[in-house]
Amino acid sequence: MAAFAVASPLCTWLVAACMSASCSTHHSLNAPFFHSSNRSTSSHRAWRRKLLSKCTTFSSQFNSGFISSFRGFNIHDLMSSCLAFEPCDDYCNTSAGLSSLASLGNNGFSLLFGPKTLPTNRRRRRANRPSPSGETVAIAVHPAEDVGTKKKHHTKQRRVVVTGMGVVTPLGHDLDIFYRNLLEGVSGISDIEAFDCSQFPTRIAGEIKTFSTDGWVAPKFSKRMDKFMLYMLIAGKKALEDGGLTNDQIDELDKTKCGVLIGSAMGGMKVFNDAIEALRISYKKMNPFCVPFATTNMGSAMLAMDLGWMGPNYSISTACATSNFCILNAANHIIRGEADVMLSGGSDAAIIPIGLGGFVACNTLSQRNSNPTKASRPWDINRDGFVMGEGAGVLLLEELEHAKKRGAQIYAEFLGGSFTCDAYHMTEPHPDGAGIILCMEKALAQSGISKEDVNYVNAHATSSPAEDVKEYEALIHCFGKNRELRVNSTKSMVGHLLGAAGAVEAVATVQAIRTGWIHPNINLENPDKGVDTNILVGPEKERLEINVAMSNSFGFGGHNSSILFAPYK
C-alpha cells in the first residue's frame, strides 16, 4: 500500500501530463504516441483507455525496486522536483482521470496540482494563452505556487491633487500675471511678427513675442530644439518650482514613481520644415536632430532625462484635445499606484508659414486682420473662425498623501474625466452633439459627480461658426436645469493653442477655484441665435465659489474630452 500511495499519484501525474499535451494539435516529433487531430473521437478514447491500462500496470511495478529510490520523500517533495504540469480541462472532467485519484480521497488533485478549481487569475491567463489550433494548451512550465505570490494592487482609491502649475502663453509666462490678464480681459492676439505673412489671408495670431530659456534650458539644446519643446520644458520646470519642489527635494523623490506625460498636437513643425529646406541643398546640410526633435514625445522624454524621472513617460497626440487626454491618463497612473507624481499637459508652436498655411487651407481661421484683439469671439454671431495661438501649460499632479507628507500646497483636487469619439467627420462636430454629451455625462459618472454639482465650465469654444453652437447645445442638454452654471472661454483672449489649449485652460480653471474669480468672455457683443447669455460670463470678471469645475477640449478627428476639478476638502 505504501508503494501504491506514491505510484498511483505519480502515474496519474504522468497521465495528466500526456493528456494535457494531447489537447494541443501540435504534437512533438519525439512523441509519436500523441494523437493526431485527424483521428476519430472513438479512436482517441480507445488510445486513452490503453494508456490508462499501461499506467495501472506501471503502478503495480512500483512494489518492487523502483519505489525504493523515493524512500524518505513524500509526494510534495517528489512533485516539487519536477515541473508542475497542469491537467487540461478535458482530463479533469473524465471519469478515468478522477478515478485514478480515488485512493487519495477528495484531495487527490490538491496534492498534485493544487485545487481543481483554478484561481481566477490563472484561468484568465490560461484562457488568453495563444494556440494556433484555437484550443487551450494546458501544460504550464511555471511552478504552480508562483500564482499565490503575486502582489495584489491596492483596493482603496488614491486621490489626485494639483500642487503646481506652469505656463508659457501670449498673456505671460508667470502664473499670476497670466491669470490677472485673463481677469482683466486683456487680449493676447496681435499681428504675426515671426515671419512675413503679408501674402496670407490671415495675418494675426496669439503669438508669443518674447521668452527666455536662460536658467531653464541648456544653451546647446535651446539653439536646436523646436519651440514646442522649449515651451514644454520651461512650463514643466515652472510647475515644479510653483509646487515647491526644489532641486534637493526632487533628488529625494522616488524617481521610479515620478513621470512625465505632456503631449503636442503638431510636434516640431519648425525643425522638420527646416530639415526639408536643408534637404533641397543637400542631405549633409540637415540637422542631425531633425527627426528626434520633430516627434511629439521628445519633449516629455527630454524633461524626464533632465529630472532623472523613470516613471511613466510618453506623449499623446489627439489634435486639440491632446492636453486633456494627457492630464487624465497621468492621473490614472497615480490612481493605479504606478506613480506618485506626474507632470502633465500640452505644448504647441505652429505659428510658422506651413502651420498658418495649413489652417488657412482648411478654411478655419479668422481673417479679422484689421482688429486682431476682436478676432476671437466665441458664441458671437459675427465670429468668422478661430485664431491660432501658441504656448504650453503643465500641471503638477500628485497623490494626496504624498503631497501632504511633503507639506505641499494643494490648489485643487482632480476628480476624473472621460474621452469619446464623434466617429462622424474629420473636422466637423456631430450634428446633434452626441459625442460631446456622452463625453460630459461619462465624465460625471466616472467621477461620481451629479450634474447639479457642476457650476462652472471652461468651454472649448474656439470662435468657430459650427463648433461653438454644438458645444453650447450640449452644455444646455447636460446642465440646463442648473441655474448657477457659469460658462466662459479662455480662447477669447489667448486664441486657440491647439494641443496646449486644454492644459492652459485647466490652469485657468484651477486658478478660478483658487481665487474665487472667473474670467470674462470678451468680444461677446451679439450672441448667436439661441444662445442664452444668462449662463455665459459677461464682459467683466465674476465672483464665483466653485463646487465642481469642468474643462472641455475637442479636436479634429472627433476627439472629445472632459475633465473635472474641485476645491480640495
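Start at E441. Contact here means heavy atoms within 4.5 Å. E441 and K451 sit ten residues apart in sequence, with their C-alpha atoms 8.4 Å apart. E441 belongs to helix α18, residues 434–447. Helices (H or I, at least four residues) and strands (E, at least two) are DSSP runs, numbered from the N terminus.

**Before going on: confidence**

This is a predicted model, in which local features need pLDDT of at least 70, side-chain atom pairs count only at pLDDT 80 or more, and totals for chains, interfaces and linings use all residues. Residues are numbered from 1 along each chain as its sequence is written, and side-chain values use heavy atoms, leaving out hydrogens and water.

Colour by pLDDT, the predictor's confidence in each residue, from 0 to 100. The protein chain averages 81, and 73% of the residues score at least 70. Now select residues 1–40. Their pLDDT stays under 50, and the model gives them 74 contacts beyond four places in sequence. Next, select residues 55–155. The pLDDT is below 50 here too, with 122 contacts beyond near neighbours in sequence. Where pLDDT is low, the predicted coordinates should not be read in detail.

**The sheet**

Show the strands. Ten of them form an open sheet, in the order β5-β4-β6-β7-β1-β8-β14-β13-β9-β10, with mixed pairing. Two strands pair if DSSP finds at least two bridges between them. The edges are β5 and β10 (486–488), each pairing on one side only.

**Strand β4**

Select residues 258–263. Six of the six residues in β4 are buried. C258, V260 and I262 point one way, while G259, L261 and G263 point the other. In a regular strand the side chains alternate between the two faces of the sheet. Six bridges pair β4 with β6 (341–348) in the parallel sense. Find C258 opposite V341. Towards β5 (313–314), β4 has two bridges, also parallel. There, V260 has N313 as its bridge partner.

**Strand β9**

Select 454–458. Five of the five residues in β9 are buried. Four bridges join β9 to β13 in parallel, and N458 stands opposite S551. Three parallel bridges join β9 to β10, where V457 stands opposite V487.

Now select 412–421 and 559–566. Eight bridges join these strands, β8 and β14, which run antiparallel. G416 has L564 as its bridge partner.

Pick E413 in β8. E413 counts as buried because its relative accessibility is 10%. Its side chain makes a polar contact of 2.8 Å with that of R159. A polar contact is a pair of N or O atoms within 3.5 Å; within protein, one must be able to donate a hydrogen and the other to accept it, and residues adjacent in sequence count only if both atoms are side-chain atoms.

**The cores**

Select L395, L397 and F565. These have the most contacts inside the largest nonpolar core, which has 49 residues. A nonpolar core is a set of buried Ala, Val, Leu, Ile, Met, Phe, Trp, Tyr and Cys residues joined through side-chain atoms within 4.5 Å. A second, separate core of 38 residues includes Y231, A239, W309 and V341.

**Last stop: helix α9**

Select 175–183. Buried here are L175, F178, Y179, N181, L182 and L183. The buried residues of α9 pack against elements including β1 (160–168), α11 (227–242) and α21 (501–515). D174 caps the N-terminal end of α9, with a side-chain oxygen 3.1 Å from the backbone nitrogen of D176. After α9 comes G185, with a positive phi near 75°.

How values were computed:
Buried < 20%, exposed > 50% of the residue type's maximum accessible area, 1.4 Å probe, protein only.
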